[in-house]
Amino acid sequence: MKNRDWFERIGVLALLGFVSALQFSIALANICLSAALLMWLLHIANRREIEVPSFFIPLAAYGAATLVSAAFSTDPRASFIDSKQLVLFLIVPMVYEFARASKAPLIIQVIISVGAASAALGIIQYGVLQFDNLGRRPQGSLGHWMTYSGLLMLVTCAAAARLLFSKDRLWPLLMMPALLTALALTFTRSAWIGTCAGIAFLFLLKGDLRLIAVLPMVAALFLVLAPPQITNRFYSMFDAKDPTSVDRVTMLRVGARMIRAHPLTGVGPPLVEERYREYLSSSEPQHVNPHLHNVPVQIAAERGLPALAIWLAFIVTLIVGLIRRLKFPDARLTAATGLAAIVAMLAAGQFEYNFGDSEFLMLFLVLVTLPYAATASAPAAVSANADRAGDRAHPDAISHARA
């Protein structure tokens, strides 16, 4: 019992370290994640059951479908090596175990605070270090501006949810200007779209239609105050002849051809880039893209239509569960945050394969699991009752007997 308490405490600290490091150093984040997963394994080692939130079942099935696709790809070795990302799915039961009750809002607060610091770094890069063009964009301390903007998108949605659904509004109010400014300065249109969709959803969820009127006002203010290179980037979204727009249409066509040729298992992860030229016509841009810049199309082309159907079942199960949790006072903030993260991911995911970005996936899984953890029993209570009646933490929790 005492050992499990220590495993839990160390696991919580490692989880906090993980969500903090994720926005600054993937290497440090991986170390903290490994420690948290180890503590989770030790913590549950003597239990008769392992509890997971309901959406973990279709997520695990999606992982299985990925392995099937890897087995039938033209390069199984490369596909199985790439499938190591599936290990990140263990974030879900780990967060569900260590972030219960009052710890869930605390983790959101940490994510927002660290996100604001990361945003400040991006602003400095733009204003001082001349990261001010498409070839050199703010990226914080991360390896790529797309990852940086995707994380900023999720953090901004989390800050907006706290601003709307928490009594403590001062802290997120102070953080929002830095988050929105850094996000704008990344030049990343997909993240702009996702953030707008996530915040608009939160306004609708709040039920105050007056908030919707704020959006065009903010858009107008943005267009007036933003530097010319930012506004030009914004207007390019509506230019059908913009080279990036033309390229994205080509990627969708290539994806459709891959799906028609390999409907059941796809071309295999991560072989879209390797086989891209095979599905290009002579009249289309001939350069190769690493992925198809669209989450559903990428999944179907890479892993097959059955995998896409399972992924959609995961999203639907997740949304239904989060909507149910909006009724719980102790989970309304985290549920709203999770739903906004899903809306933002889906909106941005029409133009970027964000679900395949490891850093983005990590933070996304944390945010959507926290509402389930917030409505689960405290770990200490579960430990105390483990040998008694076998109570379930929540109706949506699923327990699996240990072999």
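**Burial and packing in a predicted model**

Student: How many helices and strands does the protein have?
Tutor: Both kinds of element are present in the protein. The count is 18 helices and 2 strands.

Student: Why is the protein said to be as compact as a globular protein of that length?
Tutor: For 403 residues, the globule rule gives 22 Å. The model comes close to that, so it is as compact as a globular protein of that length. Its radius of gyration is 21 Å.

Student: What percentage of the contacts with a separation of 6 or more joins residues 24 or more positions apart?
Tutor: A contact needs heavy atoms within 4.5 Å. Take the contacts with a separation of 6 or more; the part from residues 24 or more positions apart is 77%.

Student: How far does helix α9 reach from its first C-alpha to its last?
Tutor: Helix α9 covers residues 189-206, which is 18 residues. At 1.5 Å a residue, 26 Å is expected. The reach is close to that: 26 Å.

Student: Which helices do the buried residues of α9 pack against?
Tutor: The buried residues of α9 include W192, L202 and F203. G194 and G198 are buried in α9 too. The packing partners of these buried residues are α7, α8, α10, α11, α12 and α16.

Student: Which residue just after α9 takes a positive phi?
Tutor: Look just past the end of α9. The phi there is about 85°. The residue is G207.

Notes:
Residues numbered from 1 in each chain as written. Predicted model: local features only at pLDDT ≥ 70, side-chain atom pairs only at ≥ 80, totals over all residues. Heavy atoms only, no water. Helix = DSSP H or I, 4+ residues; strand = E, 2+ residues; numbered from the N terminus. Expected span 1.5 Å × (residues − 1). Buried < 20%, exposed > 50% of the residue type's maximum accessible area, 1.4 Å probe, protein only. Rg over C-alpha atoms; globule rule 2.2 N^0.38 Å.
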